[in-house]
Amino acid sequence: MHFNLRSAAAIYRREMARAFRTAFQSILSPVLTTSLYFVVFGSVIGARMEPVGGVPYGAFIIPGLLMLTLLGETTSNASFGIYMPRFTGTIYELLSAPVGVAETLAGFVGAAATKGLILAAIILGTARLFVDYEIAHPLLAAVYIMMVAASFALFGFILGIWADSFEKLGIIPMLILTPLTFLGGTFYSIRDLPAPWDAIALANPIAFLVSGLRYSFYGTSDVPIAVSLGLTLGFLATCTIIIAVIFRTGWRLRE
Amino acid sequence: MTEPILSIRGLTKTYRNGPRALDSVDLDIRKGEIFALLGPNGAGKTTLIGAVCGLVRPSGGTIHAFGHDLARDWRRARARIGLVPQELATDMFETVERAVSYSQGLFGKPRNAAQIEDILRSLSLWDKRDAQIRALSGGMKRRVLIAKALAHEPELLFLDEPTAGVDVELRKDMWQQIAALKERGVTIILTTHYIEEAEEMADRVGIIQRGRIRMVDEKRAMMERLGTTEAVMELAAPLAALPPALAGFALELSQGGTRLTYRGGNGEGRGRAEVAQLTQALTRAGVEFTSLDIHDSSLEDIFVGLLGDAQEAA
């Protein structure tokens, strides 16, 4: 398979430059929002809450809040990254270049995932200011965060190709991802839910992601880590296949 | 004859729920020429360019560029093709130099600052290299698009309406830029609404209408074959009929016998020579005229005439 590293690097650099050009929106804004969660739920309310599964409440919510930001931001970044060239017409250059699906994904999705990882690092650093926590499996946490960032960057890329308006671009992150993350055990353990809500909560795929990240942090989770990893890998593979089909057929890209 | 740099055979494009934008187009482009593709709005010019450049998925037919089949070996072909689109589509918040540098990288070329400087200087953009594109005038933005298209040193360059919406002075400046590109060996295919533009620059002209190529020919040959000269003479006294001495000329008597109109020639000088002979014949026949107005048909006249004929035939 042919892969043009220079083309991928050009796309990647431009997307990263775009993120830093809009640093307030891309980086500062989500960090500020998450910090407020840590202040309110972590420090103020968290100090009065019982530990969950032996983990202090302030520390318990860190993986969920991290996931909340990671999903929303990587999805939005990747969707915006490909939607804007479609909207402004600058996609002509990408389509007329000797660039295939691999370079395009490495550039756009790689940049979106990188931005997600930078955000995750900043958020974890910020969380340290408000709550004490230790990461039980740091390598697993890093790998897991990268997998989730890549998966949702791919998902965002699909969203950016599907959307034909700014409204549609915002619908999925705002109306689906954010509520599902809130209901996916960000602020509570699914095990603590009364029946049948504990079972219903497991119909929410985001619950598996939050639970998986929580395992890497504290060694405990609502669902087995293997299931969370498998689900994330499956999502990653599904999104990759969908994008490959989109490029093969030219759906919403080539007339 | 040398192998064409671009060879299109039976190219067809039908948009979903739309008309047939391209209908069995056959076209060969020669290395080093400027080829002007003329046609009215919606004729299929931009679709044709899009099909070659990868923006449009053809419904049928084949395209070979530099001997590569674009359906299979598109990477090699596209690396040698550049496109300047009709719309001013570029990242308006990017600086000029970064935008050109991005294009260079996107087409797989290593960053070459000296080449970027050369391109920007040749397009009078060097002083604006650090300016955001949104701060530039429309003409400058179009130059940025040309600079981006040249960043990977294409051998075949498509210019889709390169002077649309720019003032006369800038248009002539753009013509010089295009001529300079040809000097550098770049093969250029341009679409334009300005027939004057094609007349000024093109080596060959293709006329497309309703997705079909109506005619492709050398500009000079087309002018020679289809061009005409019209001479209108106002006579001092009305004529009841044409004198026998004028029988060899293509003449029409009108306005009650006071206007004599000649239509003939080939648009390349023969008509004017015949008008000179006609004036001598009139003098010899004792026919006086008070005014003479001569008009050679332009490429635009030919273009309009061809499209009109085709519409009547349809």
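# Predicted model: sheets, helices and contacts

Student: What is the strand order of the open sheet of six strands in chain B?

Tutor: Helices (H or I, at least four residues) and strands (E, at least two) are DSSP runs, numbered from the N terminus. The pairing in this sheet is mixed; two strands pair if DSSP finds at least two bridges between them. The order in chain B is 6-7-8-3-9-10.

Student: Which are the edge strands of that sheet?

Tutor: From one strand to the next, the twist averages 15 degrees. An edge strand pairs on one side only, and here the edges are strand 6 (81–84) and strand 10 (212–218) of chain B.

Student: What kind of model is this?

Tutor: Residues are numbered from 1 along each chain as its sequence is written, while chains are lettered from A and ligands numbered from 1 in the order in which they are written. Local features need pLDDT of at least 70, side-chain atom pairs count only at pLDDT 80 or more, and totals for chains, interfaces and linings use all residues; the model is predicted.

Student: Which residue is the bridge partner of Val84(B) in strand 7 of chain B?

Tutor: Strand 6 and strand 7 (residues 156–160) of chain B run parallel, joined by four bridges. On strand 7 of chain B, the partner of Val84(B) is Leu159(B).

Student: At about what angle does helix 5 of chain B run to strand 6 of chain B?

Tutor: Axes are lines fitted to C-alpha atoms, for helices over the stretch in contact, and angles run from 0 to 180 degrees between N-to-C directions. Helix 1 of chain B lies across strands including strand 6 and strand 7, and runs at about 150 degrees to strand 7 of chain B. Helix 5 (residues 138–150) of chain B lies across strand 6 and strand 7 of chain B, and its angle to strand 6 is about 170 degrees.

Student: Which helix of chain B gives the most to the side that touches chain A?

Tutor: Two residues are in contact if their C-beta atoms, placed from the backbone, lie within 7 Å. By that rule 26 residues of chain B are in contact with 22 residues of chain A. The elements giving two or more residues to this side of chain B are helix 1 (45–53), helix 2 (74–78) and helix 3 (96–106). With four residues, the one that gives the most is helix 3 of chain B.

Student: Which residue of strand 14 of chain B stands opposite Leu235(B)?

Tutor: An open sheet of four strands in chain B has the order 12-13-11-14, with antiparallel pairing. Its edges are strand 12 (251–254) and strand 14 (289–296) of chain B. Strand 11 (residues 229–235) of chain B is joined to strand 14 by seven bridges. The residue opposite Leu235(B) is Phe289(B).

Student: How many Å separate the centres of domain 1 and domain 2 of chain B?

Tutor: The bounds come from an automatic or database domain assignment, which gives domain 1 (6–224) and domain 2 (228–296) of chain B. Taken over C-alpha atoms, the centres are separated by 45 Å.

Student: At which residue does helix 6 of chain A bend?

Tutor: Helix 6 (residues 101–130) of chain A has 30 residues, so at 1.5 Å a residue it should span 44 Å, and its end C-alpha atoms are 42 Å apart, which agrees. The expected span is 1.5 Å times one less than the number of residues. A bend is the angle between axes fitted to the seven residues ending at a residue and the seven starting there. Helix 6 of chain A bends by about 25 degrees at Gly110(A).
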